[in-house]
Amino acid sequence: MYDKLFAANLGNKFTPLEFKNAAVELGLDAPQFNQCLETEKYLEKVQMQMLEGRNYDVIGAPGNFLN
């Protein structure tokens, strides 16, 4: 999924439908994926990781740290 979304490079403006379509194209378990997306199961974890990145002035992906 990461490779597919990164290659699409839509400026971080993916819609739920685009995520769902990508899941189907990749042969993922669509009902399970959709449930996870719709319930925002990992929302808090993603938000925490985004905050951590901002705290270190990460402005894009991928980000690298040296020393």
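Gln-35 sits in helix H3. I then took the separation between the C-alpha atoms of Gln-35 and Met-48, which is 21 Å for two residues 13 apart along the chain.

**Confidence**

I note that the model is predicted. I checked where confidence is lowest and highest: helix H1 (residues 2–8) has the lowest mean, 80, and H3 the highest, 96.

**Fold and overall dimensions**

I counted 4 helices and 0 strands in the protein chain. The order of elements from the N terminus is α-α-α-α. I compared the radius of gyration with that of a compact globule of 67 residues: the globule would be near 11 Å, whereas the protein chain has 14 Å. The C-alpha trace spans about 40 × 25 × 20 Å along its principal axes. I recorded that 9% of the 67 residues are buried. The chain exposes about 6,100 Å², and carbon and sulfur atoms supply 55% of that area.

**Salt bridges**

How many salt bridges does the structure hold? I found 2.

In one, the side chains of Glu-25 and Lys-4 meet at 2.7 Å, N to O. Glu-25 belongs to helix H2 and Lys-4 to helix H1, so this pair ties together parts 21 residues apart in sequence. I looked up the accessibility of both partners: Glu-25 is exposed, with a relative accessible area of 57%, while Lys-4 is partly exposed at 32%.

The other joins Lys-20 to Glu-38, with the closest N and O atoms 2.6 Å apart. I placed Lys-20 in helix H2 and Glu-38 in helix H3; the pair links distant parts of the chain, 18 residues apart. Lys-20 is partly exposed, with a relative accessible area of 22%, and Glu-38 is exposed, at 54%.

**Nonpolar surface patch**

Which residues form a nonpolar patch on the surface? I found Met-1, Leu-26 and Leu-28, which together have about 230 Å² of accessible area. I located Leu-26 in the loop between helix H2 (16–25) and helix H3 (30–39). At 41% relative accessibility, Leu-26 counts as partly exposed.

I took the length of helix H4 (residues 43–55): its 13 residues reach 18 Å from the first C-alpha to the last, close to the 18 Å expected at 1.5 Å a residue.

Glu-40, a residue other than glycine, has a positive phi near 55°. I placed Glu-40 in the loop between H3 and H4. Asp-57 is not a glycine either, and its phi is positive, about 60°. Where does Asp-57 lie? I found Asp-57 in the segment after H4. At 66% relative accessibility, Asp-57 counts as exposed.

How values were computed: Residues numbered from 1 in each chain as written. Predicted model: local features only at pLDDT ≥ 70, side-chain atom pairs only at ≥ 80, totals over all residues. Heavy atoms only, no water. Helix = DSSP H or I, 4+ residues; strand = E, 2+ residues; numbered from the N terminus. Expected span 1.5 Å × (residues − 1). Patch = residues over 30% accessible without salt bridge, like charges linked within 9 Å, V, L, I, M, F, W, Y side chains within 5 Å. Areas by Shrake-Rupley, 256 points an atom, 1.4 Å probe, with all protein chains shown as cover. Salt bridge = Lys/Arg side-chain N within 4 Å of Asp/Glu carboxyl O. Buried < 20%, exposed > 50% of the residue type's maximum accessible area, 1.4 Å probe, protein only. pLDDT = per-residue confidence, 0-100. Rg over C-alpha atoms; globule rule 2.2 N^0.38 Å.
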